[in-house]
Amino acid sequence: MKDALERIPVPDEEPARERAHKVVLTAFAGREPVRRPSQARRVALGVGVAALAVALAVASPPGMAVVDRVREVVAVERTAPALFSLPAPGRLLVASDAGVWVVDADGRKRLLAGYREASWSPFGRFLVATGANELAALEPDGGVRWTLSRPGVRHARWGGTEVDTRIAYLSRSELRVVAGDGTGDRAVGHALAVAPAWRPGAGHVLTYVDRSNRVVTRDLVTGRVLWRVGGRGGVAALEWSGDGRRLNVRRGRRIDVLTRDGRAWTGLRAPDLAVVGSAIRPGSHAWAAALNERGRSEVLVVGEPGGRIFAGRGSVTDLAWSPDGRWLLIARPDADQWVLVRSDGGSIRSVSRIAQQFHSRSFPRLEGWCC
Amino acid sequence: MRGAQRGSVPDMEALFDEHWPRAHRAAYLVIQDAALAEDIAQESFLAAIRSLDRFDRRRPFGPWLHRIVVNRAIDAARARSLRRETELTEHATGAEEHEPPDRELLAALARVPPDQRAVIVLRHLLGYTPGEIARTLDLPRGTVNSRLRRGLDTMRGEL
């Protein structure tokens, strides 16, 4: 019997081992050593522990848990009047009324005027920006590599490998794809106004929301639809994990986490809260969710290390993880503030007067923190 | 184990290399779904890492990990059968699935309820005694024996 069970081949055994090896060792390397919390940190950590049971319940594979209320406020340790530096390596992309800004780790900001949205290329060497009727591939210093004129351009996303990349974008309701060098622009189909998401890894596999509000994953090399799933509520955002094993689908009051082949894995349901932001932590399957309810807000991290890492008055919106996964940037438009929380809850700080710093009347939007 | 608790990446890698294959296989045999098995085994390793500092290093790592894997696989198998599928439609059929050649044994095992399947995997793949399985699954030993017997009877009938 033992020999027979040992002989049964496990499909995809070696690729699965390689993927797990990468994820497990990345998580292990990012693990913080056990230490006694300082007095100053006890409030924040105490709240984190209280929230942990909620977050772990959310993460359990059998199904979704329900988050139904906001509790304690986590105190910010210190507030800076300006963004003097980022706490981790990498560069931020920020969209404001003035245009798109590239923010270096040392706090230097560069305005790329005339663009409304932007996102990083897969390795952060370039960015793709959109104006009203223009798609542009840019250097981070603002140098223009190429542009493409199309009506109503938005939601551009750059994916692929180091040697072969594609950009997917919406032109009005048409989903289009162009090669990273600006050639071969073509229509893929029609889609709702949700940013498409490239599945990391080999090939060119794109996930988007079709006009019937279904999440569709299509291999663009063969043209074949790999899977499509429906669901209640409009989709607000799609995000693949870095290893291409998980897809987070954010809707108005829930987040569905799907496996690579589109099956439900876990998620978060918040019937009394608006789920306004989510972000997968780099190098892991942990993810953060931003929740608002009647003038209060909280941010949960589901996965390792999990827990509620922020709660406070006013709303939260965008979330962005630092490239090393150690810091989470939380946008608080009501407070005109960014909050930076260390992922283990051990440190929390904020930067005020964000709109002014980015020459904007409306609160700037976080577009990514990359490499 | 001691090295991994101190934060040694090579020691953690050695633990992974030693325990991943059986954990992955055990998850697959219980859940019978390649993608879910990978997820379960991977999440179990991550759960073990999260609890590494609290682990009593006088005890072996394998049974601790297998306990997490098998319990998660049972939960996932139960949830899969209970989960309303109305929201998930039009999955591609066989897009990334492979048919294992040893269909008979796998098919026979698939006819066994997940609770009994888990006991068979713990006993005959991982080599635990009924007493150890009872402690792993937090069950009376008599229940383990009856699940084992009923599961094997079902498999014999199928084979």
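Predicted model: local features only at pLDDT ≥ 70, side-chain atom pairs only at ≥ 80, totals over all residues.
Close-up 1. Strand 6 (residues 117-120) and strand 7 (residues 127-130) of chain A pair in the antiparallel sense, with four bridges between them. Together, strand 6 and strand 7 of chain A make a hairpin with six residues between the strands. Look in the turn for A:G124, whose phi is positive, at about 75°.

**Close-up 2. An open sheet of four strands in chain A.** The strand order is 5-4-3-30, and the pairing is antiparallel. Strand 5 (109-113) and strand 30 (365-370) of chain A are the edge strands; each has a single partner strand, so one of its sides has no neighbour in the sheet. From one strand to the next, the twist averages 20°.

**Close-up 3. Strand 3 and strand 4 of chain A.** Here strand 3 (residues 91-96) and strand 4 (residues 99-103) of chain A run antiparallel and pair over five bridges.

**Close-up 4. Helix 2 of chain A packs with helix 3 of chain B.** Helix 2 (residues 13-29) of chain A and helix 3 (residues 34-50) of chain B meet at an angle of about 20°, and their axes are 10 Å apart. The two helices are therefore roughly parallel to each other. Their crossing is right-handed. Residues making the contact include A:A16, A:V23 and A:F28 from chain A, and B:E38, B:Q42 and B:F45 from chain B.

Key
Residues numbered from 1 in each chain as written. Chains lettered and ligands numbered in written order. Axes fitted to C-alpha atoms, helices over the stretch in contact; angles between N-to-C directions. Parallel < 35°, antiparallel > 145°, perpendicular 65-115°, else oblique. Left-handed = near helix turned anticlockwise from the far one by under 90°. Contact = placed C-beta atoms within 7 Å. Pairing = 2+ DSSP bridges.
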